[in-house]
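I open this notebook with the sequence and the coordinates side by side, and I will go through a handful of local features in turn.

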Amino acid sequence: MIKYDKLNFKFGILHIKMGEKMMKDKVYLIKNALFTFIGHINIANYRNPSPKKKKILKLFSFFLLSFFLFLITDLLFPLPATKTYSQIIRAEDNSLLCAYLTPDDKWRLKTSLKEIHPDMLKAIINKEDSWFYWHYGINPIAVFRAFFQNVGSAKRVSGASTITMQLARMSSPASRTYATKFKEMFRAVQYEWHYSKTEILEMYLSYLPYGGNIEGVHSASYLYFNRSPEKLSLSQAILLAVIPNRPNSLRLDKNNEEPLQMRNKWIQKFKEKKVFSDKILAAALEEPIPFARFEISPQTPQLCNLLHTKEKADEVKTTLNIKTQNVVQNLLKNHVERVKGFGITNGAVLVIDNQTHSVVAYCGSADFGDEANKGQVNGITALRSPGSALKPIIYALGFDKGIVTPMMKLPDVPSNFSGYQPDNFDMKFRGMVTVHTALAYSLNLPPVWLLREVGYNDFLDILEKAEFSDIKKRRDKLGYSVALGGCGVTLEEMTRFYSTFANGGKMYPVSYVKQEKENSLLPFFNPKNAEKAKNLFSPAATYLIGNILADLERPDLPQSYVMDSKIPKIAWKTGTSYGKRDAWSMGFSPKYTVGIWMGNMNGEGAPELTGATVSVPLLIDIFNSIDYNPDKKWFAKPDEILQRKVCAETGMLPNGEQCPHIINDYYIKNVSPLNTCNLYQAFYVSENEDIQFCPVCLPQSAWKQQFYAVFPPEVSLWMKSNHVGYSNLPPHNPKCTAHHSGEGATIISPAANTEYYLEKGQEQQILLQAAAGADVNKLHWYINGQFYKTVNAGDAIFYAPNAGDLQITCVDDKGKKSQVKVKVRFY
């Protein structure tokens, strides 16, 4: 028998070790513990047990049988599912932003013991169940006392319900009978078996009825006292402890004396029991009761509604900084009030922390309650035209591809880009301008010129990579106009993208929900974001962009700020959509990226609606309020950014005496172009410089070599038309019989592969114009192979076409030609 006993004991120990690996399963652990206990019993002693051992064995068998019966019943009749809680959305400091009704239209905010004032907890436990932490769901003494008192008086004198039994009753309401009471007792034991005391108490506090559709201490605190549970006074805590006894008659949104009487009654009881000090209770007795019901007004309704549809958790903790949120929201609201007289009724602001990549302020509109101006629309997620706000992408690509540097020059002249003929905002042109000037002044022609060089598809690839969803969806339908706002973007997408310039060219996913990382100095930073970061540009390119956009010598700085010494150190870019429907201002500093949209939610334009006049003042006010520090450090210059001397006329490396004017320029080591300035080229001309010669027609004498500035044909045409002071190359020798190869004049109009619709009977004509090099004097036009007219280089003529396909050819006086094909239809 000894061997059997040892074997049984070892078998029990084996089960205990297995149980240690399954700590979450209470049934498994207790079964193993019992098995081990049995292993200690000498089986031989069971054959002839003593009377004392018989009693012990019977008692043990009874409890063992009862326990297994409970387990079986627990499996057959499981606890009801926990109630659905109202979703709570909080700021990063745990302050309440918004809450939502449950599907059964209840205000049932989940209550955590961490946010309950100790006095509230003390009052409820002392009033309802002072032995809560000592019993296992049922208080036997209270049960027997209540039974004899109620039977003796033939009516209900006292109750025996513990907090756990009350929780069982609130989970499955039923009429009060003895059968129901026994069911509650069983359920109470079940709750104690499945949940900890803390979990039971939290559910109990969350289910307590407070009249109407209010359930739980958390809900009642906000709806009756307009404050969180941890900020309740003792008087308010006692009120919330007594209301659940008669929730409908004691509810505080009914002005009556009963709540006051019940509160005072329990203050006296607590005084007698010495639960609280007399001094504190005396103060509570004097405190008036507010007979009212408050609303849980959302502080950031658009964000809360967005998260409510995406997040399913009972509580969502956002990254919003409530102080920053309130400052930005007030600035936006006040700014909109100031510009309403100009027909501008709304705006939206998004603020991103560049270090944690989290949203710290989210203002979807100026006033959510302004129904007349569609304040409920979320201006942060609405699709809008960005105007010029996408231009920095083209320049950053130009820097990274080694095509341009800040002081290199680009054309700002009338141009035709496959049928697209943009104008500048001020309807003026400036000839050749530096990249720095083109971006700082937000000129429209230079970025489209550069777009042809960096590659249209590469530009769209970056936009797709930056997660501009509508651009990705409509990519095949877009054209060069996308560079100037011919597409749809959201303020969320734009602000996230501009944070790339503040993060060395990396675009991080933006966090709205707080992601804690243990022992991290960045409390909201989700480490997975670093893995998901996308490299859009090099740190060097983003530094050059930020350096240009931080320049204060620019037209989009409002005059009222020109002499202001409190302009924050920021980089910013504006944008104004076609028809003046959208005004953008995107700014960034090392700490924050701020995106602003101003306009009307219904899409109506306004004459004064431009980024410079409407959005920039608000941008400066926001940065001055949340990030003003005159001594703050700017972005560190990357090691690969160096300086060099360049020709002031082209931005290229100087070419000896041909480049007398030298300036400094930044460049990217091993990336930026190393081209030598070739603006001035040598030509053979007559001694009086009225005729140009080529090597074929060069005479034996009476000629000289002279340097002339050579610009792209479109630039030469504009300079000639606007009498810009460069020496013009004289016409080529008319007696020359040589034929020259190479590209001919650039046909500006008509645009290649275009369909023209002309109205019948109106004698409408098509413009013919080409831009030729400075050495071209005459242009000859042909229509479908038939000679049409000869004109001076740069002159415009008109042609009245017939319906059908046209092949239009332009031949210069050196025999070089260019062609376009168009189609003409009449209606």
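Where is the place of Pro 750? I looked this up in what is a predicted model, and found Pro 750 in the loop between β20 (746-749) and β21 (754-758). A cis peptide bond joins Ser 749 to this proline, and I noted an omega of about 10° for that bond.

I then turned to backbone angles elsewhere and wrote down Asp 105, a residue other than glycine whose phi is positive, near 60°. Asp 105 is placed in the loop between β2 (96-99) and β3.

Next I went to the salt bridges, of which the structure holds 24. The one I followed is formed by Glu 115 with Arg 90, where the closest N and O atoms are 2.9 Å apart. This pair links distant parts of the chain, since Glu 115 sits in the loop between β3 (107-108) and α4 whereas Arg 90 belongs to strand β1 (residues 88-90), 25 residues apart.

From there I moved on to helix α4 (residues 118-128), which packs with helix α10 (residues 234-242) at an angle of about 35°, the axes lying 9 Å apart. I recorded the crossing of α4 and α10 as right-handed. On the α4 side the contact is made by Asp 119, Met 120, Ala 123, Ile 124, Lys 127 and Glu 128, and these meet Leu 234, Ala 237, Leu 240, Ala 241 and Val 242 in α10.

My last entry concerns the surface, where Leu 59, Phe 62 and Phe 63 make a nonpolar patch of about 340 Å². Of these residues I traced Phe 63 to helix α3 (residues 51-76).

Methods. Residues numbered from 1 in each chain as written. Predicted model: local features only at pLDDT ≥ 70, side-chain atom pairs only at ≥ 80, totals over all residues. Heavy atoms only, no water. Axes fitted to C-alpha atoms, helices over the stretch in contact; angles between N-to-C directions. Helix = DSSP H or I, 4+ residues; strand = E, 2+ residues; numbered from the N terminus. Left-handed = near helix turned anticlockwise from the far one by under 90°. Contact = heavy atoms within 4.5 Å. Patch = residues over 30% accessible without salt bridge, like charges linked within 9 Å, V, L, I, M, F, W, Y side chains within 5 Å. Areas by Shrake-Rupley, 256 points an atom, 1.4 Å probe, with all protein chains shown as cover. Salt bridge = Lys/Arg side-chain N within 4 Å of Asp/Glu carboxyl O.
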